[in-house]
Amino acid sequence: MYHIWYSSLVRKLKAREEARISGSTIQSKTGKRVPAIFFRTDAGREPVREWLKGLPYDDDRKRIGEDIKTVEFGWPIGMPVCRTLGHGVHEVRTVLTHNRIARVLFYVDRETRMVLLHCFIKKTQKTSAEDLTLARRNKDKHEKGLK
């Protein structure tokens, strides 16, 4: 009797540990496939959070947040909300008030989290090389911090 109880307990503990490691406990509790987190610099700043808080219109923050939430719950998702930019970097595409367009660049890390790397308001049709380079640099910094 003890052997049956013990082996059943060990199986449950192993399953719980595997679920914790794979991140599926986060998904099962919140329903999110890829929960969003903010990239944090070495100095402890969170540039994306600061940028979002600095937006002049509350409605813009809500729209960007809704699009990020759409990606969190619907990943993998494609156009018109999300697009791949290469090297594992993706963008959340949001139409803002006053005829403006915002982009939030992110990647999905090995712990299946959506890491928000960089954001900006588009001024030209093509995403600038500086914005992509900054996002890729932040991605590399974040990946090195996970090891």
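**Reading the fold, feature by feature**

Reply: Gladly! One caution: this is a predicted model. Let's begin with Pro-76, which sits in the loop between α4 (58-74) and β2 (82-86).

Me: What is the peptide bond from Trp-75 to Pro-76 like, cis or trans?

Reply: The general idea is that most peptide bonds are trans. Here the bond from Trp-75 to Pro-76 is cis, with omega near -5°. The loop between α4 and β2 also holds Pro-80, and a cis bond with omega about 5° links Met-79 to Pro-80.

Me: Which phi values deserve a second look?

Reply: Most residues other than glycine have a negative phi. His-87, in the loop between β2 and β3 (89-96), has a positive phi near 60°. His-98 is not a glycine either, yet has a positive phi of about 60°; its place is the loop between β3 and β4 (100-108).

Me: Is His-87 buried or exposed? And His-98?

Reply: His-87 is exposed, at 60% relative accessible area. His-98 also counts as exposed, with 54% relative accessibility.

Me: Which residues of α4 are buried?

Reply: They are Asp-60, Ile-64, Asp-67, Ile-68, Val-71 and Glu-72. Looking down the axis of α4, you find these buried residues within an arc of 145°, so they line one face of the helix. The face turned away from that buried side carries the exposed residues Asp-58 and Lys-62.

Me: What do the buried residues of α4 pack against?

Reply: Their partners are β1 (36-38), α3 (47-53), β2, β3, β4 and β5 (114-121).

Me: Which residues does Phe-73 contact beyond its neighbours in sequence?

Reply: Phe-73 belongs to helix α4 and is partly exposed, with a relative accessible area of 37%. Leaving aside neighbours within four places in sequence, its contacts are Thr-30, Gly-31, Lys-32 and Arg-33. Phe-73 and Gly-31 are 42 residues apart in sequence, while their C-alpha atoms are 6.7 Å apart in space.

Me: How many aromatic pairs does a search of the whole structure find?

Reply: One. Trp-75 lies in the loop between α4 and β2 and Phe-106 in strand β4, so the pair ties together parts 31 residues apart in sequence. Both Trp-75 and Phe-106 are buried.

Me: Last topic, the sheet. In what order do the strands come?

Reply: As a general idea, strands of a sheet pair through backbone hydrogen bonds, either parallel or antiparallel. In this model, five strands form an open sheet with mixed pairing, in the order β1-β5-β4-β3-β2. Since β1 and β2 stand at the edges with a single partner strand each, one side of each is left without a neighbour in the sheet. From one strand to the next, the twist averages 40°.

Me: How do β1 and β5 run, parallel or antiparallel?

Reply: They run parallel, joined by three bridges. For an example to locate, Ile-37 has Val-115 in β5 as its bridge partner.

Me: Where does α4 touch the sheet?

Reply: It packs on the sheet and touches β1, β2, β3, β4 and β5, its direction making about 140° with that of β3.

How values were computed
Residues are numbered from 1 along each chain as its sequence is written. This is a predicted model: local features need pLDDT of at least 70, side-chain atom pairs count only at pLDDT 80 or more; totals for chains, interfaces and linings use all residues. Side-chain values use heavy atoms; hydrogens and water are left out. Helices (H or I, at least four residues) and strands (E, at least two) are DSSP runs, numbered from the N terminus. Buried means under 20% relative accessible area, exposed over 50%, partly exposed in between (1.4 Å probe, protein chains only). Contact means heavy atoms within 4.5 Å. The arc is that of the directions from the helix axis to the C-beta atoms. Rings of Phe, Tyr and Trp (its six-membered ring) pair if their centres lie within 6.5 Å; planes under 30 degrees apart count as stacked, over 60 as edge-to-face and the rest as tilted. Two strands pair if DSSP finds at least two bridges between them. Axes are lines fitted to C-alpha atoms, for helices over the stretch in contact, and angles run from 0 to 180 degrees between N-to-C directions.
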